[in-house]
Amino acid sequence: MRPEPLVLRSPVPERPEIHQIVLPTPWDVGPVQVYLIEGDPLTLVDTGVRTEASRAALAAALEALGYGLEDVRRVLLTHYHGDHLGQAESLRRTAPELEVWAHEAEAELCEGFSAERDENIEGTDRLFRDFGVPAGLRDRQRAARERSLSEDPLCEATAIDRRLRDGEVVPFKGFGLQVLHAPGHTAGHCLYSEPGSGALLTGDHLMGNAVPYTDQFLLDGPPDPRDALARPPRFRGLPLYLAGLRALRRQRFRTLLPAHGGVIDRAGRAIDEAILFYEVRIQRALRALRALAAEGGGFASAWQVWERLFPKADPVTQMRTRMYMVIGALDVLEDQRQLETRWRPDRTLEHRPR
């Protein structure tokens, strides 16, 4: 039996060529929303996970709109995660003329996608070691991540035909989508803006039912010469994410078309709520650091802050993205000169409020 297509036709009346398609995922995040843009070429923004159920749902939705999988000629990616990139390469096998476009910062991740690379076990272990996560716990988390490698990542390596840059315009007949580079959730996350209607396709940058985690990972190369601590270079997702949100707030979007959580008609309010979400957590991290200092420790590690903030969380299954949040909060506080950081003799970073 063919699945009942879940299609929201023309959620932005001023731009009736854009349709929302809801595709299933097997994850707790729930379904993912992708967008079909009628035009020349027929374009999908994101593709859903690589499963039979997702492919059948996409085929049914396209049929309801008068198309087949073979008619899609272009895919625009918001970012490389499996519920966005997942079906792109398999669609190309159905429609050989299809092109996949992604931001230049993530093209290599798409083309070299693998479960091992996506998990980044070694890099995450080094990152958490620097921020004070105990060796025994890191070993347990490493084992859990290694077990997950046996699972199907629901995504595959995907050739990128065009590498996008901030400010470019993706052309359609009669209108265009402007590329807005919005790093934070990932390094190369893209938003697509349609200025005439005030619509913004937001991927995971802004969602109707959640606020995304922001990434943290070590980079290749030498330390920044301006860093007196000579720390390993690192992608610092939370400061970038907040800066991007504040830049969006200065613009006048009317409708947000996210990957999760329906359609958002109060764009400014959604942006403000995402900023507030993290501002509250940054202040909680600062209060935790002050409490640790007052208890006689002086300096404390990011891991000690995590323990204070999340005493009931499972440190193996619920640590990773929350630890990213703690590290990101400390990054913001350091940028605001609200704390000082140093290396312990064991080469763990520790912090205290100014």
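Biologist: The second largest pocket is lined by 16 residues, and D224, D227, R231, R236 and E334 lie nearest its centre. Why is this space called a pocket, and what makes a residue part of its lining?

Modeller: On a 1 Å grid over the protein atoms alone, a pocket is an open set of points with protein on both sides within 12 Å along at least five of seven lines, whereas a cavity is a set where a 1.4 Å probe fits but cannot get out; lining residues have an atom within 4 Å of a point. The 16 residues therefore count as lining under that 4 Å limit. The model is predicted: local features need pLDDT of at least 70 and side-chain atom pairs count only at pLDDT 80 or more, while totals for chains, interfaces and linings use all residues. Residues are numbered from 1 along each chain as its sequence is written, and side-chain values use heavy atoms, with hydrogens and water left out.

Biologist: What is the volume of the second largest pocket, and which element gives the most to its lining?

Modeller: The volume is about 420 Å³, where a volume is the space filled by probe spheres set on grid points joined across faces, edges and corners. Two or more lining residues come from each of β13 (234-236) and α11 (320-335), and α11 gives the most, with 3 residues. Helices (H or I, at least four residues) and strands (E, at least two) are DSSP runs numbered from the N terminus.

Biologist: How many cavities of 30 Å³ or more does the structure hold, and which elements give two or more residues to the lining of the largest cavity?

Modeller: The structure holds 5 such cavities. For the largest cavity, of about 90 Å³, these elements are α6 (121-130) and α7 (135-148). Its lining divides into 3 nonpolar, 3 polar and 6 charged residues, including D125, F128 and R138.

Biologist: What makes α6 largely enclosed by the rest of the structure?

Modeller: Buried means under 20% relative accessible area, exposed over 50%, and partly exposed in between (1.4 Å probe, protein chains only). By that limit 7 of the 10 residues of α6 are buried, so the helix is largely enclosed. The buried residues are I121, G123, T124, D125, L127, F128 and D130.

Biologist: What makes β8 and β14 edge strands?

Modeller: In the open sheet of 5 strands, ordered β8-β9-β10-β11-β14 with mixed pairing, each of these two pairs on one side only. β14 is joined to β11 by 4 bridges, and the two run parallel.

Methods
Ala, Val, Leu, Ile, Met, Phe, Trp, Tyr, Cys and Pro count as nonpolar, Asp, Glu, Lys and Arg as charged, and the others, Gly among them, as polar. Two strands pair if DSSP finds at least two bridges between them.
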